[in-house]
Amino acid sequence: MLGAGNISSIAPLDVLYELVAHNRVSILKLNATFDGLLPVYRAALAPLIDDGLLRIVTGGADVGGYLAQHSGIGHVHITGSATTHDAIVFAGAKTDAPRLTKPITSELGGVSPILVLPGRWSARDLRYQAEHVATMRLHNGGYNCIAGQVLVLSAAWPQKNAFLDAVEAALAFAPARPAWYPGSDERMLAARTVYPAARSIPGGRLLVAAKSAVPAEASREAPQTDGVDSAEARASAVPEDMLRTEYFAPVLSVVELPGTGQAFLDTAVETVNRDFLGTLGANILGSPSSIRRLGAGFEQAVARLHYGTIAINAWTGVGFLSAAAPWGAFPGHTLSDVQSGIGVVHNALLLDDVERTVVWGPFRPFPHSIVHGEWALLPKPPWFVSARSGASTARLLTEFAARPSMRRLPGILAAAFRA
C-alpha cells in the first residue's frame, strides 16, 4: 500500500478496504509528507498492527519500488499520480512488457471539470456558487486529486461575466494558505509560462480564461446556437495543457463552449469525456428549474459522463467523504493508459462491478433553499473555504465522533448554522 501525501484519511481507509473487501493484510508505506504522522497512525491502527494485519513503514521512492517488487507482496495499491504509477509498473519507460507482474490497483486523480448549466441566478446564487467553485479548487490549498480544475461555461449565458467576477472575488477572499505540497511552486510557474495572460489572484492563485475547447473537427458537428460562430470557436481553441495537465496547485481554468440548454450540456459532456485527462470526478452546477426543464435529457447526459463520481450541485469531494460509497475512476482503464486509475476503494457495501457514484446536493443553502421551494436544511457546508465557522464545526464533529452524545448536537448545529 503506497499512501497518498495530501489527505491523512486516505491510507487508513484504503488499508481497511483491502482487509475487509479482499482479505488482504497490508504493509503501508507512508508518503514522505506524512512521515511525521507515523506515531499517530501506529496508535490509531494499533489493533491491526498487534494482530499482524498491518505494518507501517516510511521511506522514499526506493523503498516503495523495493516493496512493490518484493516476492512476499501479492498485490500493490497506490494513491498518487500516473507518473508514479508508470514508474512502478514500467520502471519509468512504457513497454509492452510491464516490469511489475503482479496485480496493481490505483487512484490517480486527473483534471476535474465543473459544468455550469446556464440559467437565471440571483446575485446570492451567483455568490454562493462562486464560493462553491472556489472551494472545489482551493480546499486543502488545492492539493486534492478531486479538486475542480476547469470551469466549463456556456459562451451564450447572459450571466457568464457576472459569475466569473464572483468566482474571481471568491478566490481572492478565501484565506491564504502556504504552498505546502512539494513541487507546487514549480507547477504554478509552469502554468504562468503556458498562460502568460492568466490573472494572478491574491493568495497565490491563478485564473486562466479561454474561449472554447471545441476542436475544429468537433465544432462542425456540435450544435451551434445563440449566434456562436463555429469559426470563432475554432480560432479560440484553448491549448491542450489546460485539459491534459493536473496542476495539483491553486490554478483554476475557464473554458467556454457554444450553445445553451441541452445543446450546451451535450457539447460539454462530449468535450470533457474526449479531451480532459482522467475520469475520477466531474461536477455539475445548475438551478433546479434548469434541471427540470432539461428533464430526461439531463439524466441521459449524466449517464454519458464517464466519471467515477459525479456530483450534482455538490462537490465530488462529498463522494470521497461518504466512505460507504465506492470511490475510484470510471472503469475501463489499462496499465498502459491508466488515466485516473484502476479499481475502487471505500465501497463499504461491497458492491460488485461498480461503474460510478452520483451525489446530489441542494442548489441553495438553508434558509434560502426553503424560500425557493427546495426542501433542504443544509446550511453553507463547513468545508467551504468561505465558511466562518468551518474550523469550530469540524472540531465539534471530531469530538462527537470520539465521544458520541446527544448533548453535543445543539452545539454542532449552532456552529454549522453560523457558517
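Is H368 buried or exposed? Point 4 comes back to that.

1. A word on the basis. This is a predicted model, where local features need pLDDT of at least 70, side-chain atom pairs count only at pLDDT 80 or more, and totals for chains, interfaces and linings use all residues. Residues are numbered from 1 along each chain as its sequence is written, and side-chain values use heavy atoms, with hydrogens and water left out.

2. The sheet is open and mixed, with eight strands in the order β7-β8-β9-β6-β5-β10-β11-β14. Strands here are DSSP E runs of at least two residues and helices are H or I runs of at least four, numbered from the N terminus; pairing requires at least two DSSP bridges. At the edges are β7 (199-201) and β14 (357-360); each has a single partner strand, so one side of each lacks a neighbour in the sheet. From one strand to the next, the twist averages 20°.

3. Within the sheet, β6 (residues 148-154) and β9 (residues 251-257) run parallel and are joined by five bridges. V150 sits opposite S253 in β9. Helix α7 (residues 160-173) packs on the sheet, touching β5, β6, β7, β8 and β9, and its direction makes about 160° with that of β6. Contact means heavy atoms within 4.5 Å; angles run from 0 to 180 degrees between N-to-C directions of axes fitted to C-alpha atoms, for helices over the stretch in contact.

4. Now to H368, in helix α16 (residues 368-371). H368 is buried, because its relative accessible area is 12% and buried means under 20% (exposed is over 50%, partly exposed in between; 1.4 Å probe, protein chains only). Beyond neighbours within four places in sequence, H368 is in contact with S122, R124 and D125.
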